[in-house]
Amino acid sequence: MSPKTLYDKIWDAHLAHEAEDGTSLLYIDRHLVHEVTSPQAFEGLRMAGRTVRAPDKTIAVPDHNVPTTPDRVDGIQNEESRIQVEALDRNARETGIHYYPVSDVRQGIVHIIGPEQGWTLPGMTIVCGDSHTATHGAFGALAHGIGTSEVEHVLATQTLIQRKAKNMKVEITGQLAPGVTAKDITLSVIGHTGTAGGTGYVIEYCGEAIRSLSMEGRMTVCNMAIEGGARAGLIAPDETTFEYVKGRPHAPKGAQWEAALTWWKTLYSDDDAHWDKVVTIKGEDIAPVVTWGTSPEDVLPITADVPAPDSFQGGKTEAAKRALDYMGLTPGQKLSDIEIDTVFIGSCTNGRIEDLRAAAEILKGKKIAVKRAMVVPGSGLVRAQAEEEGLADIFKEAGFEWRLAGCSMCLAMNPDQLAPGERCAATSNRNFEGRQGRGGRTHLMSPAMAAAAAVTGRLTDVREIM
Amino acid sequence: MEKFEKITGVAAPLPLINVDTDMIIPKQFLKTIKRSGLGVNLFDEMRYDDEGKEIPDFVLNKPQYREAEILIGGDNFGCGSSREHAPWAIKDFGIRCVVAPSFADIFYNNCFKNGILPIALPQEQVDILMKDAEKGSNARMIVDLEAQTVTTSDGETFTFEVDPFKKHCLMEGLDDIGLTLEKASAIDAFEGKLAMTRPWV
C-alpha cells in the first residue's frame, strides 16, 4: 500500500461515493449547528419536504448571538437575536437533534463544547457552518467550516460533495521559550505563510513543540488554520488526545473504547507520505507576538516596531497603508508603546480553562489599567471550573467583568462591541476592519499577553512581568 | 438555483487584497433568518457613513457602477468566515460574477451554491480587467461560462479554469441535494459498513 498522510487516511475512511472526475461524497460523522448560519438551512429543508437524516449525529447550541451578561436569564433583549435563537430552539425540537439551550450549564461556544462533551473524536469528519470548525482538527479529526447551503446538504444527506485538498505539513521543531504559547505558534505560522498560504490545503501540524502542547493548546493552533487559508488543520492523535477524550459523556466506553483506540492509533502520517508543501519553523525562534494591522498575517514579535507600508510588495503596500490608517498607527512606533482601552479574553481560539489559567497567573494580585476588561469563558463548564479553581476571583479582583459563555466580542454580534476608535487587546482570531465593532481596533495575542496588556494599559511583552 | 450561462455587463473595480467576509457583509446583518434582502448592505461599512449616508467615493455608489454585474477584486478575495450571507448579499445586489487572482476556499464554494461564478485568473490578467473596469459603464465585459472565457470591452479574451461538476451545476441551475439523494443507496451502504467497523460514531 502506498504511504498516506493522516488526511489521506481520514478521507479514505469516509468516502461514500467517488465519481470518475474525482467529485466525492464524504460521509460526515458529526454536524455541529449554531443559530446564525442554520435557520435558512432548516427552512430550505422544510420547503423541499426533506428531513434530517441523522439527528443523533447533529448537535446544536446557540453561541454567536447570545448576550453574556448575567441578565440574559431574563431573555434576549435584541429582537433579531432573540428570533434567531428561538428559531434554533424550534428547529432543534422539531428535528430531534441534540441540543444545549442557553439555560443549560453545558451551553457554550460550539467548538468548545464539542470536545468538552466528547462529540469530537479522533478520525472523525466534523463540519459546522462556522469557519473555526478547524479547531476540532486538534483531535486528528477532519473538521472544516461550511456555508449554509452545505449545512442544508449535510442535514439532508449526512454527506458533503467534496474534492480532495492538497497536503501541507507545518512542522514546529524543538521547544518553545518561556512566555511563548500555542497562540504565538499559530499567529507566527500565519505571519510566515500569509493568509492565503494554506488555500487549497489541509495542514497537518507536527514536530516536538506541537507534541508538547496540551489539547487546549492544540485546539488553539488548529482553530486558526482557516486564518492561514486552510479549511482544516490536523494534529495526529496521541496519548495526550486519548487521555483528554476518555470518560467524556459521548466518548465510547468499554469494548467500544478499546476498538476505537486500536483504530485511532493508526491515525498518523506515514514516514514517506507525499507532501505538496512543507513549512518548518524552529520553536526556539517563536516570540510572543501581536498583530498590528487588519489581517491576521500582520503579525510581529512584541519587541518589534510598526512596519512601513513600503517595506511590503505588490498589493500589500496599499493594504498596509489602509491598515495603519484604520488602526491609527505610525510606522516606526514601538508596538510596546501602543496604548489600549479594552481587553477581551475568550472566543473559540482562547476561551478554554488553560487560557483562563494563563491569564489569571499574570493578573494575580494586580489591577487593570484599561477602561474595560472582560473574560468570557468558552462554556458554562469552563466557567464553573474557573470558579472552582479560584480564577474567577482573581479576574474580578483585578477589575475584569466575569461573563457567561458565548462568542461575545470576538465577532460582536451580541451587545459586546468596541466603539469607533476604541483599541482592544483580544485573544480572538480576527482583526478585520469593524470585526469587533465599527471603527474598533483589534490587536490579536495570547491570553497571557492580553492579561499583561490589561495591567500595563499598553501592548506589553509578557516576559517582562512573568 | 438561477442558471448561469453568459453575462454581458458592467464590471466594478475593487483593487484591494484580502477582502474579507466582514467587509462584504458586517455581522449586524447576519441576524436575519432569510436569504434575501442583503444587497442594500453589501460592503455596508465601506459604502455608508456613520449616519447611513452613502460615501460617494465607494465604487458601488458611483453612478456608472450601480448596475454592475461583475466585480473585479484582489488576492484572497472572500477570506474570513463561512457566512453564506456574503454571496447572498453580492447576488442580491445584482453581481453574478467575481474575478480575482485568488479566492478563499469557503467563499469560493459558497458562490457556486448561489448562482455566482467566481473566476480566478493570473494577476497580470486581473490587472488588465481592473483597468478595463475603471472605464465605467460604457465598457461592458462578457463572461461566458460554457466557453470559460472573460472578454474585455476591447475584445481581449482570457480563458479560465472551473471544476467540471461545478460548471455543470451552475449552467443547469441544479440543486446539489437532489443530486446527492440520487446516490442514497451508496450512503445507506456506507452507513451499514460504518455500524460494523466504527460503531462508536
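Predicted model: local features only at pLDDT ≥ 70, side-chain atom pairs only at ≥ 80, totals over all residues.
Good morning, colleagues. I shall begin with confidence. For the complex as a whole, the predictor reports a pTM of 0.97 and an ipTM of 0.95. Chain B has a mean pLDDT of 96, and 100% of its residues reach 70 or more.

Let me turn to chain A. Its secondary structure consists of 16 helices and 19 strands. Along the principal axes, the C-alpha atoms of chain A occupy a box of roughly 55 × 55 × 45 Å. How does the radius of gyration of chain A agree with that of a compact globule? A compact globule of 466 residues would have a radius of gyration near 23 Å, and chain A, at 21 Å, agrees with this. Of those 466 residues, 60% count as buried. In chain A, 77% of the contacts between residues at least 6 apart in sequence join residues at least 24 apart.

Taking A:Val343 as an example, and leaving aside its neighbours within four places in sequence, its contacts are A:Val370, A:Ala373, A:Cys424, A:Ala425, A:Ala450, A:Ala453 and A:Ala454.

The C-alpha atoms of chain B fill a box of roughly 60 × 40 × 25 Å along the principal axes. Chain B has 201 residues, of which 46% are buried. Among its contacts with a separation of 6 or more, 68% are between residues 24 or more positions apart.

Finally, the interface. How many residues of chain B are in contact with chain A? There are 45, and they meet 57 residues of chain A. On the chain B side, five helices each supply at least two residues: H1 (21-24), H4 (105-112), H6 (164-172), H7 (176-181) and H8 (184-197). By class, this side of chain B comprises 19 nonpolar, 16 charged and 10 polar residues.

To close, I return to two points. Thank you for your attention.

Key: Residues numbered from 1 in each chain as written. Chains lettered and ligands numbered in written order. Buried ≥ 20, exposed ≤ 12 C-beta atoms within 10 Å, placed from the backbone. Contact = placed C-beta atoms within 7 Å. Helix = DSSP H or I, 4+ residues; strand = E, 2+ residues; numbered from the N terminus. Nonpolar A, V, L, I, M, F, W, Y, C, P; charged D, E, K, R; others polar. pLDDT = per-residue confidence, 0-100. Rg over C-alpha atoms; globule rule 2.2 N^0.38 Å.
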